[in-house]
Amino acid sequence: MPTSLSDSCRPYDSDSIHQRLNSSLSRPQLNKDGHLRHFLGVEGLNKSQLQTIIAKAETFFDEQGQLINSPELEGCTVMNLFFEPSTRTRTTFEVAEKRLGANVLNIDIARSSTKKGESLRDTLWNLQAMTADIFVVRHSASGAAHFMATEVTPDIAIINGGDGWHAHPTQGMLDMLTIHREAPRPFEELSVAIIGDIKHSRVARSDISALQTLGVTDIRVIAPRTLLPKGIERYGVTVFEDINEGVKDCDVIMGLRIQNERIGSPLLATSSEYYKHYGITPERVALAKPDALVMHPGPMNRGVEIASSVADGAQSVILKQVNNGIAIRMAVLSLAMQGQREYQLARRQTQTQNNPQTGV
Amino acid sequence: MPTSLSDSCRPYDSDSIHQRLNSSLSRPQLNKDGHLRHFLGVEGLNKSQLQTIIAKAETFFDEQGQLINSPELEGCTVMNLFFEPSTRTRTTFEVAEKRLGANVLNIDIARSSTKKGESLRDTLWNLQAMTADIFVVRHSASGAAHFMATEVTPDIAIINGGDGWHAHPTQGMLDMLTIHREAPRPFEELSVAIIGDIKHSRVARSDISALQTLGVTDIRVIAPRTLLPKGIERYGVTVFEDINEGVKDCDVIMGLRIQNERIGSPLLATSSEYYKHYGITPERVALAKPDALVMHPGPMNRGVEIASSVADGAQSVILKQVNNGIAIRMAVLSLAMQGQREYQLARRQTQTQNNPQTGV
Amino acid sequence: MPTSLSDSCRPYDSDSIHQRLNSSLSRPQLNKDGHLRHFLGVEGLNKSQLQTIIAKAETFFDEQGQLINSPELEGCTVMNLFFEPSTRTRTTFEVAEKRLGANVLNIDIARSSTKKGESLRDTLWNLQAMTADIFVVRHSASGAAHFMATEVTPDIAIINGGDGWHAHPTQGMLDMLTIHREAPRPFEELSVAIIGDIKHSRVARSDISALQTLGVTDIRVIAPRTLLPKGIERYGVTVFEDINEGVKDCDVIMGLRIQNERIGSPLLATSSEYYKHYGITPERVALAKPDALVMHPGPMNRGVEIASSVADGAQSVILKQVNNGIAIRMAVLSLAMQGQREYQLARRQTQTQNNPQTGV
């Protein structure tokens with residue numbers, strides 16, 4: 001059992017996807033009935049489980065397509081633990097939590113008592129003892145959410161709000177919800193093109209896994225070689241270096257953010273060079289199916305990854321993604337809390353059977 | 001359509017009040033029934049509209065004069081977007097929003113994804129898509145709230161929490177509420193003296209406009225020439241450089257804060273010099289009517305703009321202003337949300353009539 | 001009447017406990033019925049008053065020992081004024097306040113208008129006028145909470161969240177609640193050993209006072225001479241420099257945090273030296289009674305004040321202290337608010353009798 005997070009979490013190695021997929025077989029995020037009790041990643045969840053999340057999210061829209069409030073977390077205490085800042089993700093979670101009626105606390109974990117020399121483990125145990133029911137975790141180290149859920153606080157429902165370069169599963173699921181709601185064909189018949197910095201994108205990773213689980217067989221990744229993880233083809237995707245080839249007749253065009261801050265070495269030429277070769281322009285959108293969707297996880301670099309006219313155009317569902325993100329976060333918060341309760345109830349019953357004299 | 005806020009908002013030109021008053025004729029803050037759907041400024045609102053706000057605010061006091069809660073924004077999401085910090089204004093809005101039962105989010109916009117190169121427009125569109133109903137906006141650029149309401153997010157009720165040197169309309173209205181509740185005579189019969197840095201005060205601007213609309217004919221501005229905007233007399237106020245003359249027999253004495261941080265050049269001598277010539281002292285208060293009110297928007301520089309004994313004296317209503325500020329903010333939040341709903345409903349009906357097949 | 005906090009609050013003099021105990025005889029935190037209307041410290045509260053707080057806290061646990069919500073502060077506005085940061089204390093108060101249904105505002109007082117030259121007094125009066133009912137105050141100056149309650153805002157229920165080296169009364173009371181719930185014997189029969197930096201600990205001060213009031217006669221303080229206030233023996237405690245002697249046959253072992261940041265001069269050798277002489281090890285715990293409790297206020301320095309195996313061992317109630325801390329804070333918030341209401345009601349009735357014509 002590692003004594004600190006840094007012991008257990010190596011910096012992300014982009015070639016080790018395989019190992020990580022295998023390690024997910026232990027199904028740490030499911031209770032014995034196969035229900036979520038954490039939401040750590042889309043890997044390890046089967047088609048029916050992903051469909052359950054999507055279906056749950058859809059219950060949060062009314063007949064006019066407006067999001068509703070649903071007090072399913074009334075009386076629960078949700079703590080947003082952001083070890084790295086992300087105003088956008090934190091805000092979407094906070095809106096979702098308040099729509100579910102939870103007591104919400106934002107813990108500025110970077111400024112807290114970990115500074116006083118307290119270990120991460122003690123910090124989390126203390127927050128748990130303050131009667132937290134759910135931790136939403138954002139961390140720069142890959143596997144941080146998984147480590148908390150399995151090693152530190154298994155009795156708190158952990159929601160992964162993005163960890164290192166590993167996964168950003170609520171972003172992945174909101175993309176799936178958006179495709180489900182907006183695409184004119186079911187997942188099994190779709191061609192999806194993902195364009196950009198696949199190598200350093202936690203979004204790409206979550207999207208590819210979820211698309212495959214939901215039945216998409218034609219996934220195309222479009223990027224210069226320097227922005228592709230080695231061996232990516234093994235995961236059943238087709239690689240294109242030429243965007244015009246890659247987007248041909250596809251149903252969904254997903255742009256990725258060029259994350260300048262993530263790139264250590266000069267893997268990219270200038271941003272205008274990138275736009276010339278990989279920018280999502282009207283001409284390139286025209287090569288896809290006429291009803292193709294254009295998606296982007298935001299924040300956009302207009303004129304770098306995408307033309308403004310495309311971002312704001314009729315085929316763009318970029319702002320719908322944001323809106324769907326609230327519903328997806330409401331869904332995983334509600335489902336994980338419910339599954340965590342089932343898990344704790346089952347555990348208490350087992351304890352009572354084994355030690356009937358100590359049972360309440 | 002400007003592509004950034006800075007394109008559309010020149011630094012405030014203190015001589016251009018006239019143009020701004022004219023531009024307000026387009027009535028961007030009203031729906032077709034003449035109800036508020038934003039609250040951008042007191043200019044452009046007529047007497048009856050200001051009276052509606054005052055009357056609404058009065059409904060939030062109980063018989064003992066205590067503020068009540070009134071869940072008129074239950075289920076609504078209010079985002080406080082403070083582009084420049086103001087603990088005092090943010091806190092009063094947050095109290096008001098929570099008394100109305102809203103879901104409240106404080107977005108530290110200075111630290112958010114605008115830092116990642118995202119434009120203001122994209123940031124606001126994203127926040128809107130996260131199901132915001134109301135933005136409370138504080139910005140250092142004059143016209144920022146107006147720009148958002150007309151150009152960026154017309155479907156969100158925008159409440160101006162102070163923009164540049166332009167306006168601070170909730171402060172203006174809380175002053176009107178205070179005069180209405182505390183003064184022994186109606187607006188039409190009052191003499192009001194405003195003392196201090198008129199030139200750089202967003203409060204003075206809002207106050208003068210509101211007082212005139214509500215029927216005050218005798219408005220006196222008292223300041224050294226260097227702290228007066230050129231041509232101020234054109235707006236129907238009387239200028240005094242001698243405070244003893246200016247406060248004579250008046251009903252209301254309003255001090256303004258000397259905003260040292262706003263003054264680029266040394267327009268002022270020392271603060272003790274200012275106090276000597278323009279400080280609100282017991283002797284000067286004695287020149288006004290015996291029941292004259294003493295007001296100040298806070299935070300006060302005691303011993304500079306005002307003597308401590310006056311600030312804490314029997315004629316001071318300075319802390320009542322703060323208390324009334326909660327009621328006024330509750331009023332404009334509630335009224336603007338209601339008017340925004342009417343506006344959206346009317347628009348949807350028009351769309352349905354024009355395109356009956358796409359109507360819901 | 002001092003005009004600023006610093007005028008009234010000398011830096012803490014560790015030899016002046018006696019004077020402070022005497023000054024508390026004025027009972028500023030009680031209304032005329034002897035009920036709390038503030039919660040400033042455990043000094044000045046008698047046994048029955050401390051028992052009332054403990055009994056109230058126990059009402060917030062259900063039959064399974066889980067904390068419940070109890071909307072006793074619904075409609076109340078609680079402002080957390082943290083003049084010095086403390087994520088842990090702020091979070092526990094925020095959880096408690098939300099479980100009581102209050103409207104909660106966190107005021108980052110360090111960044112607020114006090115920066116603009118406003119006095120502390122004006123800041124507090126303004127926050128009061130924004131309809132605050134309760135201030136939770138954390139301040140680095142000893143006596144700050146007391147100053148606010150008696151001099152500045154007596155109509156707001158003030159809860160002391162820790163002031164200087166003076167007191168940390170909610171920590172003291174959560175320790176009492178923990179002993180009450182976990183110890184196998186009543187207070188009168190207990191031997192309690194407190195180990196560590198007594199001199200600089202606001203926790204130790206509050207604990208010793210509360211233990212004595214609740215009837216504990218055998219209190220042992222264990223520390224090197226350099227970490228003991230002079231004359232400590234006068235307060236009815238027994239001093240031990242040898243921990244092995246001190247913990248012998250005791251019922252409760254309370255470790256204190258070595259607060260490196262508080263110590264100006266090198267009073268301590270290395271931390272390993274401290275552990276060798278004063279660390280709470282399994283061997284030392286074995287010298288106490290077999291059912292002795294091990295306590296620590298957190299955050300722990302594992303391997304300095306306490307061995308990890310003890311901190312996580314069967315006799316440790318350290319995380320129960322955290323959980324009890326929520327209940328205690330709910331109790332003092334609720335009781336103080338109730339007592340403040342009684343106080344204000346009584347005062348209004350007196351005013352009405354004296355001036356019947358101005359009564360409502």
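Domain bounds here come from an automatic or database domain assignment. On that basis, chain A has domain 1, covering 23-168 + 323-355, and domain 2, covering 171-318. Taken over C-alpha atoms, the centres of domain 1 and domain 2 of chain A are 27 Å apart.

Before going on, the housekeeping. This is a predicted model, in which local features need pLDDT of at least 70 and side-chain atom pairs count only at pLDDT 80 or more, while totals for chains, interfaces and linings use all residues. Residues are numbered from 1 along each chain as its sequence is written, and chains are lettered from A and ligands numbered from 1 in the order in which they are written.

Back to the two domains of chain A. Two residues are in contact if their C-beta atoms, placed from the backbone, lie within 7 Å. The contact takes in 20 residues of domain 1 of chain A and 21 residues of domain 2 of chain A. On the domain 1 side, helix 3 (47-58) and helix 13 (318-354) of chain A each give at least two residues. Helices (H or I, at least four residues) and strands (E, at least two) are DSSP runs, numbered from the N terminus. Helix 3 of chain A has the largest share of that side, with 5 residues. By class, the domain 1 side has 10 nonpolar, 7 polar and 3 charged residues. For the classes, Ala, Val, Leu, Ile, Met, Phe, Trp, Tyr, Cys and Pro count as nonpolar, Asp, Glu, Lys and Arg as charged, and the others, Gly among them, as polar.

Next, the chain contacts. In the pair of chains C and A, 19 residues of chain C touch 19 residues of chain A. Helix 4 (87-99) and helix 13 (318-354) of chain C each supply at least two residues of the chain C side, and helix 4 of chain C has the largest share, 7 residues. That side comprises 8 nonpolar, 8 polar and 3 charged residues.

For chains B and A, 19 residues of chain B are in contact with 19 residues of chain A. Strand 2 (103-107) and helix 5 (120-129) of chain B each contribute at least two residues to the chain B side. The classes on the chain B side are 6 nonpolar, 8 polar and 5 charged.

For strand 1 of chain B the count is 6 of the 6, so the strand is largely enclosed by the rest of the structure. Thr77(B), Met79(B) and Leu81(B) point one way, and Val78(B), Asn80(B) and Phe82(B) the other. Strand 1 of chain B pairs with strand 2 of chain B in the parallel sense over 5 bridges, where two strands pair if DSSP finds at least two bridges between them. Leu81(B) has Ile107(B) opposite in strand 2 of chain B.

Chain B also has an open, parallel sheet of 5 strands in the order 7-6-5-8-9. Its edge strands are strand 7 (238-240) and strand 9 (293-295) of chain B, each pairing on one side only.

Note on methods:
A residue is buried if 20 or more other C-beta atoms lie within 10 Å of its own, exposed if 12 or fewer, and partly exposed in between; C-beta atoms are placed from the backbone.
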